[in-house]
Amino acid sequence: MKVTIIGAGLAGLACARRLTDHNIPVRIIERSPSIGGRVQSRTIDGFRIDIGFQVLLNAYPALQLLPELASLPAYDFPPGARIMLEHRLHTLSDPFRNPADALPSIITPVVSIQDKLLLWHLAAELNRRPLASLWDEPDQTILRFLTRRGFSNGAIELFFRPFVGGITLDESLGTSAAIFKFIWSMLSKGIATLPAGGMQSLPDAMAAALADKNVDILLGRQVTALTANDTRWSVQTDSERIESEIVVLATDIWSLGDFVPNVEPPRYRSQRTLWLTIDRVVDCGPSLILNPDRQSPFMTVAPMHAVDPDRAPKGKSLFAVTVRADHFLDTTDEIVQSFHQAMQRNKVISASDRIGCIADQTVQKAQFVQEPNHFRMRKFRAALPNGLYVCGEHLQTSSINGALESGISVADEIVRTLSSRE
Ligand SMILES: Cc1cc2nc3c(=O)[nH]c(=O)nc-3n(C[C@H](O)[C@H](O)[C@H](O)COP(=O)(O)OP(=O)(O)OC[C@H]3O[C@@H](n4cnc5c(N)ncnc54)[C@H](O)[C@@H]3O)c2cc1C
């Protein structure tokens, strides 16, 4: 085999896809029984849920590099969010992009006029700026960046902390401002979406394109050792040995140290998501709901059935509810009860609604910690000696885009190396 890729997460699949565009023979080995790595979905009692609440930002540049992802059908969340406060939901959206919510967004008293102007100005600025320029500026935490931009404490606490904290899995807002600017730029240029059929549709679409090119994906096989023999690599799995000219390590960063010396595994962020159901269609609209009350165990509520009707059986509702990190040890019942009370208080559901919990998931190593200047301090190179390459989100941003881009750029490097040998 010319190239063996270890790991069938988005990075490994994207790398394989790009190599097959150049007709380079490739095989993928994955330790778990399914493809997708951290992007997976499943169906429980007719409800389609993902492993952890995730969204696809449709402006991610990497999506345009793979036709099957660029054309993936998806459902949109409206721009902005609704904020739970003082017993009702307040809409905060971009009136230029979401005219239906323009009036409530303009008149809502939760965020001051000055904050709204700053918000729209930031979106317009990031929409204009080339992405590459975002990484060149001196970095700081998100909290510091927002404060320096002039946002009030109210806007930070009521909007940014739960909204951005939900995306970066870091409610402290201590994550790199460069990451925030990248995400905000994506949200200004495009929108948050749910791929039809669940997040799993992303890896499935790439796997279908690979199947058309007869690429083997060996599932349920853990790679246990790599040995270099002259110009080839010997890849040892728990059941066989495979010879390959080039090996791409597309594992998560925490597994990389099994094969490459001196990899310091970064700290990680976790996500706990409860998938809650109600036996009627709750007509609350498709916007993401933010809960800024930091005493409450849950931070965001995504009405999945209102975004994608196929997520729930007919006549039922499905909510993806993310839990605050300091409530990870609360029981499911405690969180469900708190959700019921808060949603009732804010007039989204009624006292008679019975809530079911079809899944309570904690993904331990969901994302790596992206501190300010993380990207400047990165020591790791994608190409190691002797035909060994590395890809994965950890070389870019901890995101779907980061995983896809790193897979594609390593494939391009392999193509360049192979063509320079000819
Ligand atoms: C709960 C959660 C929420 C998230 N939310 C978002 C979001 O809203 N938007 C967004 O853009 N991103 C989000 N992300 C991040 C995004 O999902 C990841 O950054 C991306 O999927 C990582 O892809 P990857 O291919 O780099 O790594 P992985 O998906 O971790 O893939 C690595 C693969 O390597 C395999 N592997 C490891 N070791 C071996 C071995 N020895 N042998 C064989 N196989 C091996 C693993 O099983 C795995 O399949 C979220 C992630 C999680 C978990």
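## Sorting the residues around the ligand

Let's start with a sorting rule: Ala, Val, Leu, Ile, Met, Phe, Trp, Tyr, Cys and Pro count as nonpolar, Asp, Glu, Lys and Arg count as charged, and the others, Gly among them, count as polar. With that in hand, the shell around the ligand in this predicted model contains 17 polar, 13 nonpolar and 6 charged residues.

In total, 36 residues surround the ligand. Look for Gly 7, Gly 9, Gly 37, Gly 52 and Ala 403, which are the closest. Helix H1 (10-21), strand S19 (355-368) and helix H13 (400-421) are the elements that each give two or more residues to this shell. Helix H13 supplies the largest share, with 4 residues.

## Three domains

Now step back to the whole protein. Domain 1 is made of 3-40 + 200-266 + 379-421, domain 2 of 56-74 + 268-368, and domain 3 of 93-190. Between the C-alpha centres of domain 1 and domain 3 there are 35 Å.

As background, the strands of a sheet pair through backbone hydrogen bonds, which may run parallel or antiparallel.

Zoom in on strand S12 (residues 232-237), which pairs with S13 over 4 bridges in the antiparallel sense. Here Gln 236 stands opposite Arg 241 in S13.

## Two asparagines with positive phi

Most residues other than glycine have a negative phi. Asn 214 has a positive value instead, near 60 degrees. You will find Asn 214 in the loop between helix H8 (201-212) and strand S10 (216-218). Is Asn 214 buried or exposed? Asn 214 is exposed, because 8 other C-beta atoms lie within 10 Å, and a residue counts as exposed at 12 or fewer.

Asn 373 also has a positive phi, near 70 degrees. Its place is the loop between S19 and helix H12 (374-377). Asn 373 counts as partly exposed because it has 13 C-beta neighbours inside 10 Å; being buried would take 20 or more.

Conventions: Residues are numbered from 1 along each chain as its sequence is written. This is a predicted model: local features need pLDDT of at least 70, side-chain atom pairs count only at pLDDT 80 or more; totals for chains, interfaces and linings use all residues. Two strands pair if DSSP finds at least two bridges between them. A residue is near a molecule or strand if its C-beta atom, placed from the backbone, lies within 6 Å of it. Domain bounds come from an automatic or database domain assignment.
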